[in-house]
Amino acid sequence: QVQLVESGGGLVQPGGSLRLSCAASGSIFSINGMGWYREAPGKQRELVADITRGGRTNYADSVKGRFTISRDNAKNTVYLQMNSLKPEDTAVYYCHGNVIRPDLHEYSYWGQGTQVTVSS
């Protein structure tokens, strides 16, 4: 089995910063794309940013220039540095990974989510 565990969420004032981490563990051969999604109350889950194994990144327009996604392949970990946070960034943030298991098939996994609240 494979688990993705997020950490780093919390309450922050507008303009502040947070860094999210997501560590994958379990039966892993390698991991292809990894990404961060968020789901605000009453809204659909949306892509925030994703990153290929080789480091190519993609961002939602709403976070470009404020958020940075990165990963450490040796640690099977993906990060999201969030700066200049706005109240509209408030959401539950979910980590996602396309994991290659020892059977060499790719499987989609989600973390349990971490709450980010931006409020004064």
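**Ground rules**

I number residues from 1 along each chain as its sequence is written, and I leave hydrogens and water out, since side-chain values use heavy atoms. As the model is predicted, local features need pLDDT of at least 70 and side-chain atom pairs count only at pLDDT 80 or more, while totals for chains, interfaces and linings use all residues.

**Entry 1: disulfide**

I searched the whole structure for disulfides (a pair of cysteine sulfur atoms within 2.5 Å). The search found 1 disulfide. It joins Cys-22 to Cys-95, with an S to S distance of 2.1 Å. I then looked up the torsion about the S-S bond of Cys-22 and Cys-95, which is about -80°, so the disulfide is left-handed. The pair links distant parts of the chain, 73 residues apart: Cys-22 is in strand 3 (residues 18-26) and Cys-95 is in strand 9 (residues 91-100).

Cys-22 has a relative accessible area of 0% and is buried. Cys-95 is also at 0% and counts as buried.

**Entry 2: nonpolar core**

Which of its 31 residues touch the most other members? They are Trp-36, Leu-80, Met-82 and Tyr-93. I also noted the elements that give two or more residues to this core, among them strand 1 (2-7), strand 5 (46-51), strand 8 (77-82) and strand 11 (114-118).

Strands of a sheet pair through backbone hydrogen bonds, either parallel or antiparallel. I count two strands as paired if DSSP finds at least two bridges between them. I found an open sheet of 4 strands in the order 1-3-8-7, with antiparallel pairing. Which strands stand at the edges? Strand 1 and strand 7 do; each has a single partner strand, so one side of each is left without a neighbour in the sheet. Neighbouring strands of this sheet are turned by 15° against each other on average, direction ignored. For that angle, axes are lines fitted to C-alpha atoms (for helices over the stretch in contact), and angles run from 0 to 180 degrees between N-to-C directions.

I followed the pairing strand by strand. Strand 1 and strand 3 run antiparallel and are joined by 6 bridges. In strand 3, Ala-24 stands opposite Leu-4, and Ser-25 is the bridge partner of Gln-3. Strand 3 is joined to strand 8 by 6 bridges, and these two run antiparallel. Here Ala-23 has Thr-77 in strand 8 as its bridge partner.

**Entry 3: rings**

I searched for aromatic pairs (rings of Phe, Tyr and Trp, the last by its six-membered ring, with centres within 6.5 Å; planes under 30 degrees apart are stacked, over 60 edge-to-face, the rest tilted). The whole structure gave 1 aromatic pair. The ring centres of Tyr-37 and Trp-110 are 4.9 Å apart and their planes stand at 65°, so the pair is edge-to-face. Tyr-37 is in strand 4 (residues 30-39) and Trp-110 is in strand 10 (residues 106-110), 73 residues apart. Tyr-37 is partly exposed at 22% relative accessibility, and Trp-110 is partly exposed at 38%.

I also looked for a charge over a ring (NZ of Lys or CZ of Arg within 6 Å of the ring centre and within 35 degrees of the ring normal). Arg-19 lies over the face of Tyr-79, at 4.1 Å from the ring centre. Arg-101 lies over the face of Tyr-107, at 5.5 Å from the ring centre.

**Entry 4: loop residues**

Ser-84 is not a glycine but has a positive phi of about 50°. I placed Ser-84 in the loop between strand 8 and strand 9, and it is partly exposed at 39%. Leu-104 also has a positive phi, near 70°. Leu-104 is in the loop between strand 9 and strand 10 and counts as exposed at 56% relative accessibility.

Technical notes:
Buried means under 20% relative accessible area, exposed over 50%, partly exposed in between (1.4 Å probe, protein chains only). A nonpolar core is a set of buried Ala, Val, Leu, Ile, Met, Phe, Trp, Tyr and Cys residues joined through side-chain atoms within 4.5 Å.
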